[in-house]
Structure formats: C-alpha cells, structure tokens
Amino acid sequence: MSDTAILEIDGKKYEFPIIRGTEGEVAIDIKKLRGSTGGLITLDPGYKNTGSCTSKITFLDGEKGILRYRGYALEELAENSNFLEVAYLVIFEELPTKEQFKKFESTIKSYSMINEEMKDILDGFPKNAHPMGILSSLTSALTAFNPKAVAIENEEEMYQAICKTLAKIPVLASWALKKNRGYPMNYSNNNLNYIENILEMMFKIPTETYKLDPVVVNALDQLLILHVDHEQNCSTSTVRIVGSSHAGMFASISAGVSALWGPLHGGANQAVIEMLESIAKDGGDVEKYILKAKDKKDPFRLMGFGHRVYKNFDPRARIIKKSADEVLASLGIEDPILEIAKKLEAVALEDEYFIKRKLYPNVDFYSGIIYRALGIPTEMFTVMFAIGRLPGWIAQWREMRLNKEPIGRPRQLYIGEKYREFLTVEKR
Ligand code: ACO
C-alpha cells in the first residue's frame, strides 16, 4: 500500500500521509486537512471510521476475535494472572515484578479509607437510586476531598493518585449497594486481596460472618480481567475527552461511569437478565422469543447477542462461557433463569438467522449469568463492569496526558438557519 492518500477536489490534489500501527492497521493522517484545504472537515457520526488517538494499551481485531492488553493475549492473562496484576500491566505498561506488585497492592490498601463526610452526600440519595448514579456522583465528589491537581510529569505523584483511585472506587461501589439495601456501610479489610475485599465489602453484614468462597473469588477475578480495557469505546473515549481539558482523574472517571451506564454500553449486562426474567415470567417459551427476535416487524432483540466489532466471536465470551459453566457446576446452582439462558444460547447458535448474521452470544450474555450465580444483584452488574474497567480508564487517561494530547474538540457541519434578523416579541 502507498504511503500517501490523495484527495482531489475541484481538480486540486491534496496529499495525506498513511500511517501504520504495529499490527498492520493503517490510517490516513488528516491532521492537516482543514489547514491545507481552507476549511474542509470530515463528517463521521459515531466515529465509526475515525481514530481519535494512537495508543499502546489494547489491540483488538474484531474479525479474528483477538484482544490483547500491552501485547499479552487476554486468554493467557485470564488463565495465569490476576486482576490487580493486569491493572498494573495496562497502567504501567509492563507486568510487575514481585516487589512492584507488593508495593502496588500495599499502596492501594493505604488509601482505602474514605472521608466520613462522603456519607453525608450518600445520605442525600433516595434509597432506590440506581447504584451507577450513586457511583458516578461519589466518584466526582472525591474531587472535592482531593482538590490538588496531580502533577502528571511527577511519576510518584501520578503513582499515588492512581493507587488512590483504585482503592476508593470499589469502596464507593459497595456503599452504593449498601445504601440500596438499607444496610450499614463496610470499610476495606486490608487483610484481604483486592477481589476478596470487594466481595466482603458488598456482602458482609454485621450480624453474620461472611465466608469467602474461592470459586466466587476466582470467577470474579477472571470476569474483571476480561473487562479491564477495550480500546476507544464510549466510556473510555469519554474519560479521554474529559481529561483532555485537564480535568482531574476523579472527574474524568466519573464521566466514564456515566457513559458506561447506558444500555447500549455497559448497561447491556443488566438488560440480559431482565430479558431472561421476562421470558421466564411469560412461561419460559424460548422458541417464541427466538421468533420475536427474527421478526423484522418486532423491535425485540435478543439482548447479549451480536457485537459491533466482533463479527466472528467475542474472545471474552469464549473465556467467560467456560467460566460460567464451571461456576454454575461448582456452586451447584439451579436457577430457572439460567436454564432459559442455556436453552436460548443453544437454539440461537443453531438457527440460520443468527448464523447468517454472525450473531453470537457476547460478553454481556454470560457476565450477567455469572454475576447472578455469584449472588450479585442485577442493579449492581454495571457497577461491577465499572470496577473492572477502572484500570483501563486510568491507563487511557494517563496515556492521553503523557502524550500531551490536545483538548478534544470535534467540529460539526452546521445545517441550521442562516442569518435571521432579531424580531422583537410583538413582531413574532
Ligand atoms: N437479536 C436479533 N437480531 C439482531 C441482533 C439481536 N441481538 N443483533 C443484530 N441483529 C440483526 C439485525 O436486525 C440486522 O438484521 P438485518 O441484516 O436482517 O437487518 C443484523 O443482525 C445486523 O445488525 P446491526 O444492528 O446492523 O448490527 P450492529 O453491529 O449495528 O449492532 C449490536 C451490534 C448493537 C451489539 C446489536 O447486535 C444488538 O443490539 N445486540 C443486543 C444488545 C447487546 O447485547 N449489546 C451488548 C453489546 S456487547 C458490549 O457492549 C460489551
């Protein structure tokens, strides 16, 4: 392929460099488009053809079903690593040594206390507030308790700020759940590892001893690894664009939580279980819902099937399906909803409609099932996704700031009214 792309307008030719990524991806560099053409812009709603940055964090090939963090295959990380180690990898670019990991874990633990005044903010929410709304607000509120801007060129300051963020957000996530249940808030237990601590904070109640189940701990650890990063998706792009105005890490991540909340993004895992519940309520007739999904006059879609980028398979779904089977078997779970999910999956995988359109179960189909089996309430599913995605948001924020990227500010094509003379109210 040539090294330049040529754009011809009104007989005049403009040349733009073609740049290549390390995995053979190519992009036309149009940074000089406006300047050289006298104001021409590109129009690309949803940014389906637009790269907003270069990045060294995650490589994704939707056709081949490849997902790698910093060059390491997701499958190998999910099998051999743990969430906190993967968090270190995506943020600090290399897998940690033993000493680096020890320091990372203990620094995170050192920040796990939350200012008591944060509870006053929490008190202001209605009991039935969605935990994602609470998490986004409390994350933003952390800015008020940590007003000093991080000097990004100061490695130690950045390190401390990152550990602080990783420490506090799971605590706030657990508080969002406790608020909803009307139970007292738990604090971190620094004797536990990161994942055990999340589970204990969510499920421990003062009247009972909470016993950690290794099956649950391992399943959650793996599930969160699968969610760590997914390059420039909606919430990650949000974090980068908010941070590009030099807003702080808490403010940027709070915006990312809000973006993740939508049902077209992280909210899909909740939608899957709600769909399965409504199929169960309607008598559990899976065939009926397959027919509805195939009926072009019916807006119903099988939630948890299909993906914008993965048209062969979602590599995360493959890993998670295996884990879902193991978790259900080892926890001895018999749940009618899960039976419906299995039937739905089996029918859809053999149905011509789904095969032809390459509609496979995606990560959200199985993650909802596992979360439910682990006893995590439905409204917390997207919060769990946010905890998993946190290292990715931090890594992308750090990369954007260290690359000294300019403020994100897209252009538009104005198609509104031309100049109109102002009319006083009597003349309108
Ligand atoms: N159920 C039934 N039919 C479907 C589904 C579905 N879940 N998904 C796509 N189709 C059909 C479409 O009707 C269309 O059919 P046609 O060619 O006959 O018109 C064809 O498959 C292609 O669909 P598009 O909407 O063009 O595919 P796109 O790539 O734009 O959409 C999306 C991807 C949004 C994920 C879609 O498959 C969907 O809505 N799935 C359900 C929601 C979901 O699970 N979202 C989570 C995604 S994973 C994540 O965010 C982590």
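Which polar backbone atom is 2.9 Å from a nitrogen atom of the ligand? It belongs to phenylalanine 305. Keep in mind through all these views that the model is predicted.

**View 1. The ligand and the residues around it.** The ligand has 19 residues around it, and Lys296, Leu302, Gly304, Phe305 and Lys311 come nearest. On its own the ligand would expose 920 Å², and the protein buries 73% of that. As for the make-up of the shell, eight of its residues are nonpolar, five are polar and six are charged.

View 2. Now for a helix, α17, which runs over residues 363-373. Ten of its eleven residues are buried, so the rest of the structure largely encloses α17. The buried ones are Val363, Asp364, Phe365, Tyr366, Ser367, Gly368, Ile369, Ile370, Tyr371 and Ala373. What do the buried residues of α17 pack against? Their partners are α9 (214-226), α12 (268-281), α14 (315-331), α15 (336-350) and α18 (381-402).

**View 3. The two ends of α17.** At the start of the helix, asparagine 362 points a side-chain oxygen to within 3.0 Å of the backbone nitrogen of aspartate 364. Just after α17 comes glycine 375, with a positive phi of about 85 degrees.

**View 4. A salt bridge between glutamate 23 and arginine 68.** The count of salt bridges in the model comes to 19. Here the side chains of glutamate 23 and arginine 68 meet, with 2.7 Å from N to O. The two partners come from distant parts of the chain, 45 residues apart: glutamate 23 is in the loop between β2 (12-20) and β3 (26-28), and arginine 68 is in strand β5 (residues 66-69). Glutamate 23 is partly exposed, at 42% relative accessible area. Arginine 68 is also partly exposed, with a value of 22%.

**View 5. A bridge from α14 to α15.** The side chains of lysine 321 and glutamate 345 form a salt bridge at 3.2 Å, N to O. Lysine 321 lies in helix α14 and glutamate 345 in helix α15, so the pair ties together parts that are 24 residues apart in sequence. Is glutamate 345 buried or exposed? Glutamate 345 is buried, because its relative accessible area of 9% falls under the 20% cut-off. Lysine 321, at 30% relative accessibility, counts as partly exposed.

View 6. Lysine 119 and glutamate 116 join their side chains in a salt bridge with an N to O distance of 3.5 Å. Glutamate 116 is partly exposed, at 43% relative accessibility. There is also a network of salt bridges, and it links Arg240, Glu399 and Glu405.

**View 7. Arginine 428.** This residue has its place in the segment after α18. Arginine 428 is exposed, with a relative accessible area of 63%. What does arginine 428 touch, leaving out residues up to four places away in sequence? The residues it touches are Phe422 and Leu423.

Technical notes: Residues numbered from 1 in each chain as written. Predicted model: local features only at pLDDT ≥ 70, side-chain atom pairs only at ≥ 80, totals over all residues. Heavy atoms only, no water. Near = heavy atom within 4 Å. Polar contact = N/O pair within 3.5 Å; in protein donor to acceptor, adjacent residues only side chain to side chain. Areas by Shrake-Rupley, 256 points an atom, 1.4 Å probe, with all protein chains shown as cover. Nonpolar A, V, L, I, M, F, W, Y, C, P; charged D, E, K, R; others polar. Buried < 20%, exposed > 50% of the residue type's maximum accessible area, 1.4 Å probe, protein only. Helix = DSSP H or I, 4+ residues; strand = E, 2+ residues; numbered from the N terminus. Contact = heavy atoms within 4.5 Å. Salt bridge = Lys/Arg side-chain N within 4 Å of Asp/Glu carboxyl O.
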